[in-house]
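Please look over the following chain before reading on. The briefing below moves from the chain as a whole to particular parts of it.

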Amino acid sequence: MPVPVPRQRAIPAVECGQAPAASSPDRGPSTEQAPPGTNPAVHPTSQRENTTEKRENTPDRRASITSAAAPTNLTLLLIEDDPAGSPIVPDLLDQAGKPIRVRTARNLTEAERLLTDDVHCILLDLALSATAPARTSADADGAGEGNGHDELAALRHVLELAPRHAVLALTSSSDAERGAEAVAVGAQDYLFRDELDGRLLSRAIRYAVERKRSDTAERRLAEGRLRAQENARLERGLLPTPLLEGSPLRFAARYRPGRSRALLGGDFYDVVRTPDGTVHAMIGDVCGHGPDEAALGVELRIAWRALTLAGLCGDELLGTLQQVLEHERSDDEIFATLCAVDIAPDGRRAGLCLAGHPSPLVAGPGRPARLLPYDNNGPALGLLPGARWPRMQVELGAEWSLMLYTDGLIEGHIGAGRERLGQDGMVELVRRQLSEGLQGEELLRATVNEVRELNGGELADDVAVVLLDRTP
């Protein structure tokens with residue numbers, strides 16, 4: 001049948017500055033000259049891939065296809081049930097002047113077969129009969145009001161089939177409302193089939209593709225932000241809340257995970273006060289820096305709190321923690337170091353257990369900062385079955401500051417060389433901070449910041465520091 005000649009019209013995707021129509025209305029319907037031996041009425045002039053090409057695979061035909069398949073940036077999939085009776089899709093050019101490749105499918109089954117990764121945009125005739133199963137009113141969010149008929153069923157099926165592709169809806173000029181509904185459902189834009197123009201359609205395709213890319217990037221960014229917020233809430237929830245109600249001791253902590261953009265690392269700590277007035281403090285370090293190590297650290301901290309509140313301490317508590325570690329770790333090579341102290345109700349003395357962990361630092365009036373004894377340091381948890389961890393009794397005095405820390409604080413480098421800060425360097429650093437009158441949060445913040453500066457930047461390992469202060 002003769003093909004109507006398109007005339008210019010501003011469409012939603014392209015609002016102004018368009019080229020004139022391909023031919024003037026006074027010339028009437030026309031078709032370009034078709035190749036010899038073909039019927040112009042059924043052979044559109046546009047170079048597009050049709051399913052009839054599968055049947056017309058003659059040498060001349062193959063040569064024609066080869067010459068038409070020039071390198072292209074964009075590929076359009078046209079879905080219409082009567083290609084011969086539909087408006088011609090004119091020769092289309094992308095922004096670089098390269099031809100836009102056109103594929104044609106007569107139904108959704110063919111469209112699914114032709115929808116390969118190199119397709120960028122889909123032009124769907126909304127008059128196409130959907131071969132997908134009928135959608136109920138609940139499935140279609142109220143579409144069809146439960147009468148089993150959905151005028152946009154084909155579009156919904158295409159959007160489900162190609163969620164990453166740009167989609168243009170094709171409708172009649174008398175059915176603009178339907179086109180607007182298509183955009184509301186998920187199409188990038190709608191066009192009128194009786195008012196197509198090559199230049200307008202080319203631009204509409206380009207704009208739809210870019211709009212889809214922008215929407216996809218924005219959605220991924222929003223999803224990434226939501227995941228980051230959820231992870232942050234989760235990790236903050238996993239950090240401990242000290243249970244020190246009724247204790248005269250002051251508590252401060254500083255935590256910096258080694259993982260980029262993480263809130264939780266393999267280091268863990270906790271402080272609780274039991275009903276007898278004893279304050280129990282713990283700090284530990286799971287080897288490694290990934291999320292698995294962070295999760296294991298949380299498990300050990302929760303287990304330590306439960307066992308402490310149940311009345312266990314010293315060697316018995318650490319032995320049970322080792323069993324938890326052995327059951328929960330993903331690899332037999334994973335171990336954890338730990339330092340645990342239990343401060344007597346009068347605050348003047350404490351018990352100390354070390355499992356391969358650096359000894360705490362203690363300071364008081366007239367007494368420079370020093371390390372507590374570590375001669376009876378036991379092995380790290382998870383290294384030796386049946387290991388023992390002796391509990392040492394230490395005197396603290398009437399007024400003191402006790403700092404527990406992980407090795408991330410002492411393993412940073414000093415300048416550009418290979419020399420590390422070490423425990424001695426940390427003790428000197430804390431002494432100087434104390435002499436300047438720093439206490440509590442200020443002391444921990446200044447200490448960690450200076451360690452970072454000495455390292456020349458962020459520390460590679462997790463850092464956790466806990467400070468307990470007692471004043472008369």
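This is a predicted model: local features need pLDDT of at least 70, side-chain atom pairs count only at pLDDT 80 or more; totals for chains, interfaces and linings use all residues.

Residues are numbered from 1 along each chain as its sequence is written, and side-chain values use heavy atoms, with hydrogens and water left out. The protein chain has 9 helices and 16 strands, which are DSSP runs (helices H or I, at least four residues; strands E, at least two) numbered from the N terminus.

**Whole chain**
- Of the 472 residues in the protein chain, 46% are buried, where buried means under 20% relative accessible area, exposed over 50% and partly exposed in between, using a 1.4 Å probe and protein chains only.
- Among contacts (heavy atoms within 4.5 Å) with a separation of 6 or more, 68% are between residues 24 or more positions apart.

**Met403**
- Met403 lies in strand β15, which spans residues 400–405, and it is buried, with a relative accessible area of 1%.
- Leaving aside residues up to four places away in sequence, Met403 touches several residues, including Leu361, Met426 and Val430.
- Met403 and Leu361 are 42 residues apart along the chain, yet their C-alpha atoms are separated by 5.1 Å.

**Helix α8**
- Helix α8 covers residues 422–435, and its 14 residues reach 20 Å from first C-alpha to last, close to the 20 Å expected at 1.5 Å a residue, the expected span being 1.5 Å times one less than the number of residues.
- The buried residues in α8 are Met426, Val427, Leu429, Val430 and Gln433.
- These residues cover an arc of only 165° around the axis, so they lie on the same side of α8; the arc is that of the directions from the helix axis to the C-beta atoms.
- An α-helix has 3.6 residues a turn, so residues three or four places apart point the same way.
- The exposed residues Asp424 and Ser435 are on the face of α8 turned away from its buried side.
- The cover over the buried residues of α8 includes strands β12, β13 and β15 and helix α9.

**An open sheet**
- In the order β8-β9-β10-β11-β14, 5 strands form an open sheet with antiparallel pairing, two strands being paired if DSSP finds at least two bridges between them.
- Strands β8 and β14 stand at the edges with a single partner strand each, so one side of each is left without a neighbour in the sheet.
- Strands β8 and β9 run antiparallel and are joined by 7 bridges, and Tyr269 stands opposite Ile283 in β9.
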